Amino acid sequence: MYDVNEWRHVFKLDPDKAISDEQLEKICESKTDAVIIGGSDNVTEDNVLSLLSRVRRFLVPCVLEVSNLESIVPGFDLYFIPTVLNSRNTTWITELHHQAMKEFGDIMNWNDILMEGYCILNGECKAAKLTEAKTELNLDDIKAYARMAENMFHLPLFYLEYSGTYGNVEAVKAAKSVLTNTRLIYGGGIQNAAQAKEMAEHADIIVVGNAIYENLQSALETVRAVKG
Ligand SMILES: CC(C)=CCC/C(C)=C/CC/C(C)=C/CC/C(C)=C/CC/C(C)=C/CC/C(C)=C/CC/C(C)=C/COP(=O)(O)OP(=O)(O)O
Ligand SMILES: O=P(O)(O)OC[C@@H](O)CO
Ligand SMILES: [Mg+2]
């Protein structure tokens, strides 16, 4: 029903951060392709459900990006499941996933679930610290992770994650150069239309997160910059 292959721009809402109804309406009616609900800190069943019910007043597709087992709730259009390819700790590559399959395996509808191969590149972000990601990577390392996502694991999504800081365009270009079927997602530090446009020249989908809470007007301008 929802074709992520057509998406170019998404907003990521953090369930741990406050957003007014008026601000949320602007995000949901911005003509972005989807709203992702996700974060790395204090993501709970309660704050996920509360944000989902507020986003549901609008027509925009709503995705849960799963970050822990406790906050997986029904009612989303799609579920994105990260596996951190450059983590040093198997917990974040396959272990929580194994646990989740034991818990939810019988009721999972794989038409609504997409795996994301994460490559985290900002060593200072919470997700990097939590997952013990190996972030000192050169362009060849990044290309190799992208190839693993597509050719080895056949993942539908490869996510270059610079959460909190604007990343290296050359890294995005390098990842894109080796991907054919797997969609390239770029997220991190996009604060304005120019940055959105620059990353969207190489990434298939760009994600705007923190800017929603820091400069909403500028965040909204990223939609038109990417989707015209
Ligand atoms: C009942 C029902 C609806 C069932 C549906 C079935 C279903 C979807 C089952 C789930 C199956 C499954 C395999 C789940 C996996 C479970 C799991 C916990 C996997 C681990 C995920 C993971 C690697 C998390 C690590 C952290 C991470 C990469 C989070 C992604 C998001 C992210 C990086 C956000 C940025 O966070 P933020 O807080 O904004 O950070 P900053 O401070 O840097 O801004
Ligand atoms: O919050 P920012 O830095 O925009 O990053 C977006 C997203 O990639 C975070 O997972
Ligand atoms: Mg954030």
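Which residues line the largest cavity? The lining consists of W7, V10, I36, F80, Y159, I185, I205 and V207. A cavity here is a set of points, on a 1 Å grid over the protein atoms alone, where a 1.4 Å probe fits but cannot get out, and lining residues have an atom within 4 Å of a point.

The model is predicted: local features need pLDDT of at least 70, side-chain atom pairs count only at pLDDT 80 or more, and totals for chains, interfaces and linings use all residues. Residues are numbered from 1 along each chain as its sequence is written, chains are lettered from A and ligands numbered from 1 in the order in which they are written, and side-chain values use heavy atoms, with hydrogens and water left out.

**Cavity**

The structure holds one cavity of 30 Å³ or more. The volume of the largest cavity is about 30 Å³, where a volume is the space filled by probe spheres set on the points, and grid points are joined across faces, edges and corners. Its lining divides into eight nonpolar, no polar and no charged residues. In this scheme Ala, Val, Leu, Ile, Met, Phe, Trp, Tyr, Cys and Pro count as nonpolar, Asp, Glu, Lys and Arg as charged, and the others, Gly among them, as polar.

**Ligand 2**

Around ligand 2 stand K12, Y159, E161, S163, G164, G187, G188, G189, V207, G209 and N210, each with a heavy atom within 4 Å of the ligand. This shell comprises two nonpolar, seven polar and two charged residues. Y159 and V207 belong both to this shell and to the cavity lining. The table gives polar contacts of the ligand (pairs of N or O atoms within 3.5 Å).

| Residue | Protein atom | Distance to an oxygen atom of ligand 2 |
|---|---|---|
| K12 | polar side-chain atom | 2.7 Å |
| G164 | polar backbone atom | 2.7 Å |
| G189 | backbone N or O atom | 2.8 Å |

On its own, ligand 2 has 300 Å² of accessible area, of which the protein covers 93% (Shrake-Rupley method, 1.4 Å probe).

**Positive phi**

K31, which is not a glycine, has a positive phi near 75°. K31 sits in the loop between helix 1 (21-28) and strand 2 (34-37); helices (H or I, at least four residues) and strands (E, at least two) are DSSP runs, numbered from the N terminus. With a relative accessible area of 67%, K31 is exposed (over 50%; buried is under 20%, partly exposed in between; 1.4 Å probe, protein chains only).

E132, also not a glycine, has a positive phi of about 55°. E132 lies in the loop between helix 4 (126-131) and helix 5 (139-152), and is partly exposed at 39% relative accessibility.

Technical notes: Polar contact = N/O pair within 3.5 Å; in protein donor to acceptor, adjacent residues only side chain to side chain. 1 Å grid on protein atoms, 1.4 Å probe; cavity = no way out; pocket = protein on both sides within 12 Å on 5 of 7 lines; lining within 4 Å.
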